[in-house]
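Thanks, everyone, for making the time. I would like to walk through one model with you, strand by strand, and then say a word about confidence.

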Amino acid sequence: MKSRCLNATRATTPAVAREQGNHSCPARRIETGIVGRPDRAIADRRGGIGNPFSYVGESGESEAELRRGLSHQTDMLDEHPLITRLGDPQEIIVQTACELKAEIIVLCKNSNSHPQPNLGRTATAVLRESPCPLILVPPERGLTSWYLHHILVPHDGTPTTSAALKPAVDLADRAGAELLVAHITDSISASKEPGTLTSPRYVDQPQYEWAAWGSEFANRLACICPLGHVHLRVFLGHGDPAAEILRLSERHSSDMIVLAWRGEWEVPRAAILKEVLRRAHCPVFVLRTGETGGE
Amino acid sequence: MLDIAVSSLAPTADPAWLLVEQGFTLVREHELESQFAVANGYVGSRGSLAEGCPLSAPATFVAGVFDAEPGSIPHLVQIWDWSHLSVSICGQPLRLDVGRSLEHRRILDMRQAMLWRHWRHEDDAGRITRFKSLRLASLADRHLLVQSVEITPENYSGTAILDAFLTGSATHITHEGVSVAVAVADRIVGPDEFVIGSTEFLEGRRPFEIEKGSTYRLERVAAVYTSRETTAPDEIARSHAESAISRVTDVIAEHRQAWQARWHASDVQVEGNSRAQRALRFAAYHLLSSANPQDERVAIGARGLSGPGYKGHVFWDTEIFMLPFFLLTWQEAARAMLMYRYHTLPAARANAAYQGYGGALYAWESAASGEDMTPPFAVTLEGEVIRILTGEQEHHISADIAYAVWHYWEASGDERFLLDAGAEILIETARFWASRVRLEDDNRYHIRRVIGPDEYHESVDDNAYTNGMAQWNLDAAAELAEQCAMKWPEQWQSITRRLAVSCEEIQCWRQIARDLYTGFDERTGLFEQFQGYFDLEEIDLSKYANRTAPMDVLLGRERIAKSQVIKQPDVVMLVYLLWDRLPAEVRKNNFEYYESRCGHGSSLSPAIHALVAARLGKMAMAERYFRQSAEIDLANNMGNSATGVQAALGGLWQAAVLGFASLHFQQGDPSVRPNLPEN
């Protein structure tokens, strides 16, 4: 046994997945918790920017042994520090992230050897305790390469959510990805937060109104969370938010979904997050917001 | 009394005249710029922060001056940003995102038509600066915009730099060769009211000393002229600005006097409901700000002069939603707006001919020339390209304009207008309908493939509103002929000769009006909104009561077209406009039937429902719709007003005056039968 949870996965640093040798973010430390059999844990070479990878297991294994075990999958680790820690994965991952002041944890959402739709125990625990945003990767992606072309960002229209999106915008900026910002309207009352922009209730002249509303939504987001060179498109969805997020993700072939989350996990909270995590075919980037926004 | 020194001016004390924004919420800036716009019907300027912020979209528009790249759709021209001002204190920029604001308040003073700003700012070194500004678009001299900015260093002495973006003058020339010149003159007045320079003299960058506790004021005027008024707009603008800067106190006093007169004629006072009071004044303020009785070449676009929305185009909103306000409060402005339609008759005739009809078909979206400017396509947020058919099919606009002409004449008794312009509009629009109808096997005239006010249903046959208004238009033209022949036989003869109107043609209008299919069912007392409407899917809108999106978004375009859900009052609009022609029972039946099927996807919808509900005595419903209508621009959560305030403001005013107060005219005499809510 290498570890208790052993959720073998391809763990990568998608923030830089499209640019080889991206040195534009030397200050970024992305802690990648690789929990699983070393031979299944890989990282894309182009993710290599000196971010540390952590191997977490119950039994000791030297770094050289781990590197050997991973080498037939990828040589990416040659360019990265590899941190090995022993113990309970959920504790160690959170602890390591705190020590490294990690900005993002990338983690498999559950075990590939025991496929299940729900978030695995380790991933759930890390999500709840994490000091930083998480990227949760579905194990069924296996070892296929993936690049960030389109990042889907559901947005409730609140300034708080806009502020929380900075890591996602940074990610898109570095990857040259397009942000697909989706406002999902349903029968739930809009947030009372000042400056919240909901869907238009009136559309007198659709030939002007939709473009104007989309532009207003984008402008409000951009003035709180500067977009740099990131290209952005705004969509309006309606109906069940989780189903709509997944529909839009599929329709626009998004490579990642970004979800803002208030940090409350117990039922009935986080229903959208849980459902998206359960059914999304792409990685889900979970960002914690302040008091309002998100779910 | 009105001649107060600039330094002594203050906002109106009564809060019912004020729209106040405390603090600063960056993301709301666009809608506040629209709400706080100052305008005078000739020029309008958004209420942007002088120093700007990351979301600022300052813009100043000149009514009726459009521009477009060849092949694209014309939009209102935005002229140079005359009001921009960067202030530096001891090398530190005075901005909302630098240092901290101890107090920040913007006030739209509707009574004086001034935008005020009060700000106390503390920089990182603890220097506290008091900033007070006002801005206005002169109603007394429509070519002038005025700004005054006072700076008081509260706890320090140091240096200040006032950097104006625009000094001197600048000219914009449209692709059609219209020149728009804006010239700026300013002066900086020191503590003893001595002029210490100007931004131009100080090159906008030279620091000057400011002393603790003393107030320094920048007075700035911008003069705007176009080549439509003068052959030398730049020269005239410069000399006008230079002359005005030396008499700013007078300019402001004249402006206040002009607004005092306007409010005297227009103000509606509401007792016991300060929100309704403020909303009504907000509506009247923007309507009054948008009109110019001295210019017959322009009408009011659906967003007035408060923003770039709808590219500044003029829709049916102008005649049906805004004009009634002017009919009752400012007939000179109403006349000018209708003269715009008279001057654009050639384009309306050409539009009718282009579509294969006679007479005049007014453009659904009209700009300077009156040609139809409706974009043929739109791209949805999902990237779907959809056809826009309103320009081709929303023909009721011709009858709406005729209706406005008739009611202006009724209200004003302006014979000259009628004989010089109004009659021609009525005749040409009647001719359009006479050519638009088809006599079919049932011996009834039908109007096929149109869009009524309910734009969820396109290409429908015999839309009740369109047919009802066409019938009214034909009858009105025949009635006009009778009255003119009787009262002004010579002038009428001249008109009939010039327009080749024959007695047979007038007879034909009467006959078509009589035999035009209306969709009215004697048995139920209902108008069918269009042929086949009653067979469409019924959808219980109460299940969507908490929706935050329009029904066509929730149901999709295809399903909504196959349902009875309507976008805005259609039959109910007809009931309102033809109120006195319909029996009380018919009014009530149709309102009750269609109200429950209305999704209110248009901002114009709630106000008309409020009005009709009030007239029918359904006061709780009327109040709810009134509140909904008042919130369209003021509720701050839909972004609807980011590109300008809505024409629905005119509907709100009508709901109050023609609904709740139920102002009626009988043989020209006004009578009021109030239906007021209990609260």
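How many bridges join strand β9 (residues 256–261) of chain A to β10(A)? There are five, and the two strands run parallel. Before I go further, a caution: this is a predicted model, in which local features need pLDDT of at least 70 and side-chain atom pairs count only at pLDDT 80 or more, while totals for chains, interfaces and linings use all residues. As for naming, residues are numbered from 1 along each chain as its sequence is written, and chains are lettered from A and ligands numbered from 1 in the order in which they are written.

When I say strand or helix, I mean DSSP runs numbered from the N terminus, with helices being H or I over at least four residues and strands being E over at least two; two strands count as paired if DSSP finds at least two bridges between them.

Coming back to chain A, Val258(A) stands opposite Phe285(A) in β10(A). On β10(A) there is also an antiparallel pairing, over three bridges, with strand β5 (residues 134–137) of chain A, where Leu134(A) faces Val286(A). Four of the five residues of β10(A), which spans 284–288, are buried, so this strand is largely enclosed by the rest of the structure; buried here means that 20 or more other C-beta atoms, placed from the backbone, lie within 10 Å of the residue's own. Together with helix α8 (residues 271–279) of chain A, β9(A) and β10(A) make a right-handed β-α-β unit, right-handed meaning that, with the strands pointing away from the viewer, the path from the first strand over the helix to the second runs clockwise.

Turning to chain B, seven of the eight residues of strand β4 (residues 60–67) are buried, so β4(B) is likewise largely enclosed by the rest of the structure. Its antiparallel partners include strand β3 (residues 43–45) of chain B, over three bridges, with Val43(B) bridged to Val62(B), and strand β5 (residues 75–79) of chain B, over four bridges, with Asp67(B) bridged to His75(B).

Finally, confidence: chain A averages a pLDDT, the predictor's confidence in each residue from 0 to 100, of 75, and 70% of its residues score at least 70. Among the elements of chain A, the lowest mean, 45, belongs to strand β1 (residues 30–34), and the highest, 96, to strand β6 (residues 150–154).

Definitions and conventions:
A residue is buried if 20 or more other C-beta atoms lie within 10 Å of its own, exposed if 12 or fewer, and partly exposed in between; C-beta atoms are placed from the backbone.
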